[in-house]
Structure formats: C-alpha cells, structure tokens
Amino acid sequence: MKNFLPLMFSLTLSWADAQSFHLPTPEGWHEEFIAFPLEFAPSISYQGEEHLRFPPGWGEIKSEEFWSYCYLWWIEEKAAISKESLERDLKQYYDGLVGRNIISRKIDSTLVVPTVVEFQPIEKGKKTAFKGTVKMLDYMGLRPIVLKLDVRV
C-alpha cells in the first residue's frame, strides 16, 4: 500500500475580529478560496472562508503528493471547535465532496464507501490540536482511501 502524505487542516477562530492570517502558496502550488456556507456541504453552518493550497501532484495518482493539501477555515469566533464538532463537520464536508464528484464524474454510486471521521485531541501549550483520519472514497482513484489530518485551532 502506498504511503500518503498527511493532509493539513487548520481552523482559525478570529473571523469577527477581522484579524489577518498568512497561508503561503509555495511556488508551483494552486490556491482556491471558497466562502461559507460551502455549496457542497451547506449543513456546515459556519460563516467565514475556506482557503486551500494544492501541491502540483495533488490529483495525480502516482505522485507522492496525491491527496496532499492544506486548507484553512477562517471562521466566526463563536464557533466551538471540539473533537465531536470536527468529526461531525468533516464527515459532512467529505460526504459532500465525494457526492459532488461522483455526480460530476459519473462514478457508479456502488463504489462509495461510508465516510468515517475520527479525531483525538492533542494539547500543545495553550493551543488546541487534533490528529485524525477520514476514511472515504478516493473519487480520483476509485478506491477507498484514508486521509491523515493534522488540525490546529
């Protein structure tokens, strides 16, 4: 089995303060911006923005960068992030992402596997951190995949 690079996911809870953040885009990477609510996961009720960074090999099955990317949710300050909220929200996120892609790519729905999201908290100083996994359909490779996530709030 191929070893995948970890997916990095960051949450920033200062939307109301309009403070800035810096999420660099390395040379050769692609960036995207999506406003909440997300079209493919409207039940995630945050207000804010999603910023994504994709390495050149993100969508290439034979690349060491396959399914590796970084994203940051810059969301309203009132959002309470916990193990349970991450599991709920990221299940909705990846269910929506898979659902949108099986439709647009005309993928047989019998290939879809249940999305399972699990997190464990990791405390580092005063910041909250989580490590977790997302088990889902890799709609590019048409097989189950496990994404490893590293979350910082």
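Strand 4 has buried side chains on both faces: C70, L72 and W74 point one way, while Y71, W73 and I75 point the other way. Buried here means under 20% relative accessible area, with exposed over 50% and partly exposed in between (1.4 Å probe, protein chains only). Please keep in mind that this is a predicted model, in which local features need pLDDT of at least 70, side-chain atom pairs count only at pLDDT 80 or more, and totals for chains, interfaces and linings use all residues. Residues are numbered from 1 along each chain as its sequence is written, and side-chain values use heavy atoms, leaving out hydrogens and water.

- Helices (H or I, at least four residues) and strands (E, at least two) are DSSP runs, numbered from the N terminus.
- Strand 4 pairs with strand 3 in the antiparallel sense, over 6 bridges; two strands pair if DSSP finds at least two bridges between them.
- Across that pairing, W73 in strand 4 has E50 opposite.
- G48 belongs to strand 3 and counts as buried, at 8% relative accessibility.
- The C-alpha atoms of G48 and I34 are separated by 8.9 Å, and these residues are 14 apart along the chain.

**Helix 1**

- Helix 1 runs over residues 83-104, and its 22 residues reach 31 Å from first C-alpha to last, close to the expected 32 Å. That expected span is 1.5 Å times one less than the number of residues.
- Its buried residues include L86, L90, Y93, Y94, L97 and N101.
- An α-helix has 3.6 residues a turn, so residues three or four places apart point the same way.
- N101 lies in helix 1 and is buried, with 9% relative accessibility.
- A polar atom of the N101 side chain lies 2.8 Å from the backbone oxygen of L97.

**The largest pocket**

- The largest pocket holds about 260 Å³ of space. For this volume, grid points are joined across faces, edges and corners, and the space filled by probe spheres set on the points is taken.
- A pocket is an open set of points on a 1 Å grid over the protein atoms alone, where a 1.4 Å probe fits, with protein on both sides within 12 Å along at least five of seven lines; lining residues have an atom within 4 Å of a point.
- Of its 18 lining residues, E32, F54, W58, L97 and R100 lie nearest the centre.
- Helix 1 gives the most to this lining, with 4 residues, and strand 2, strand 3 and helix 1 each supply at least two.
- The lining has 12 nonpolar, 3 polar and 3 charged residues. Ala, Val, Leu, Ile, Met, Phe, Trp, Tyr, Cys and Pro count as nonpolar, Asp, Glu, Lys and Arg as charged, and the others, Gly among them, as polar.

**Backbone spots to look at**

- The peptide bond from F36 to P37 is cis, with omega near 0 degrees, and P37 lies in the loop between strand 2 (30-35) and strand 3 (48-54).
- K106, which follows helix 1, has a positive phi near 55 degrees. K106 is exposed, with a relative accessible area of 76%.
- L142 also has a positive phi, of about 55 degrees, although it is not a glycine. L142 sits in the loop between strand 6 (127-138) and strand 7 (143-152), and is partly exposed at 45% relative accessibility.

Technical notes:
A polar contact is a pair of N or O atoms within 3.5 Å; within protein, one must be able to donate a hydrogen and the other to accept it, and residues adjacent in sequence count only if both atoms are side-chain atoms.
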